[in-house]
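Me: Please go through the structure shown below with me, one question at a time.

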Amino acid sequence: MCQSMIQEEIEAGKGVLLSGWGEMVDLVVSHGKGAVFWDIEGKEYIDCTAQAWSLNTGFNHPRVINAAREQLYKVTHIRSTFYSLPQLRLAKKLSEIAPGEGPKKLKRVTFCLHGSVATEGAMKIALKSKGGGQFLALFNGYHGRTLGSMSVSWPHPTNEFLPYMGNVIRVPAPYCYRCPFHLEYPSCGLQCADFMGEAIEKMPDGKTCALIMEPIQGNGGQIIFPPEFHTRVRQICDKFGILLIYDEIQTAFGRVPAMFACQLYDVVPDIIVYGKGLGGGFPVAGTLSREGLAKFSAGDHGFTLGHFPISLAAALENLKVIEEENLLERCKRLGDYILKELNRMKEEYELIGDIRGCGLMIGVELVRDRTTKEPATKEAQDFVNEALKRGVLFGTSRYAGLGNVVKIKPPAVITDEQADRALEVFEEVLKVISKSGKPSLIF
Ligand SMILES: Cc1ncc(COP(=O)(O)O)c(C=O)c1O
């Protein structure tokens, strides 16, 4: 097809899309391989976002593509009321690698296509298990964009949706760089955990059925909680008899140096929600829950296209890739290396307020002044644009957080050379943004 025809098609498509994503990055992606993708002009980018932190094994991993291709020629759609081999094999594998032991093992599996729908699945399991009740969620948490999952997420500015969202009590999370109680860890004694207990006792109109939280907040600004917070949360849930749901949609399957982030903290939740990284680029999400919690009955949580055999076959192979290519180890080694380099940059560039990282889930919080911690939000957006010009895609936190965190979350298959190039660009752009910010503090 000639270039002018393609351009015509692009403009026509852009003209009719009812965008679901606010401002789009004006870039049409053509193809990808490993940690790199190309736009339709042929320009190459190192992707430090793994496409919304999903492609942990990179673009088009050959083994994942082969598994999908083999399934493609067998059958592409099966109604959810039938079994299929990919579904049963993946369910078995997930229940084997799931956290927990004995009766606490999270061995019951559900599948759907989107993380948001999986979040709602977890909410339904909690509601059915506890006979209803309210949810507890953390400030700045993010759990999806369906109405149910939005209700437990940090309020979205689109207030028109609010009448359809409710029954949620929100409590402060330990965002220690900007402590909601203006205290310092560890001398604070984790007041946020104490407050959570009080909130469960005093705030809900009726009973609370579950706490839903991300083990590491992604959209909220890449917030890593003190390990002790996780232990306290488990104790609080046990004390009040409420379920603990970990939303591991971002953290599971190779983003942090463990299959599930809860394993880093030695905490076994009652339900895990997963998605993103499992499918190796194919849509699949779901829940893992422990024996003894409610099961779904007909009509509770079934979706016409939710049993997508190609995704399920791809996901099974993707898990093998994570294990056999030692990607969890690689994730740790590269993550530690990137953090070390960033900490070196922090000595030199005042723009860096805080660096938070766990494996390849890294955020750099930019501030205009290290004392006042004024968020450098515009600078963070400029940062991403400048890096993009230089062929590296970084992410930012936009919705729940302050928008001033630059994220480095590449696929675990990123090569050492690509990681070094991304860091080189990171420093180059820090220089540019720091210079442009200094003479005129006009923001
Ligand atoms: C922690 C978390 N939960 C839920 C979701 C929603 O997943 P999806 O976009 O697949 O519906 C996301 C997506 O960014 C997420 O990061």
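Reply: Leu-147 has its place in helix 6 (residues 147-151), helices being DSSP runs of H or I with at least four residues, strands runs of E with at least two, both numbered from the N terminus. This is a predicted model, in which local features need pLDDT of at least 70 and side-chain atom pairs count only at pLDDT 80 or more, while totals for chains, interfaces and linings use all residues. Residues are numbered from 1 along each chain as its sequence is written, and side-chain values use heavy atoms, with hydrogens and water left out.

Me: Is Leu-147 buried, partly exposed or exposed?
Reply: Buried means under 20% relative accessible area and exposed over 50%, with partly exposed in between (1.4 Å probe, protein chains only). Because its relative accessible area is 38%, Leu-147 is partly exposed.

Me: How many residues apart in sequence are the parts that Arg-178 and Glu-365 tie together?
Reply: The side chains of Arg-178 and Glu-365 meet in a salt bridge at 2.7 Å, N to O (a side-chain nitrogen of Lys or Arg within 4 Å of a carboxyl oxygen of Asp or Glu). Arg-178 lies in the loop between strand 6 (168-171) and helix 7 (191-202) and Glu-365 in strand 14 (residues 361-366), so the parts tied together are 187 residues apart.
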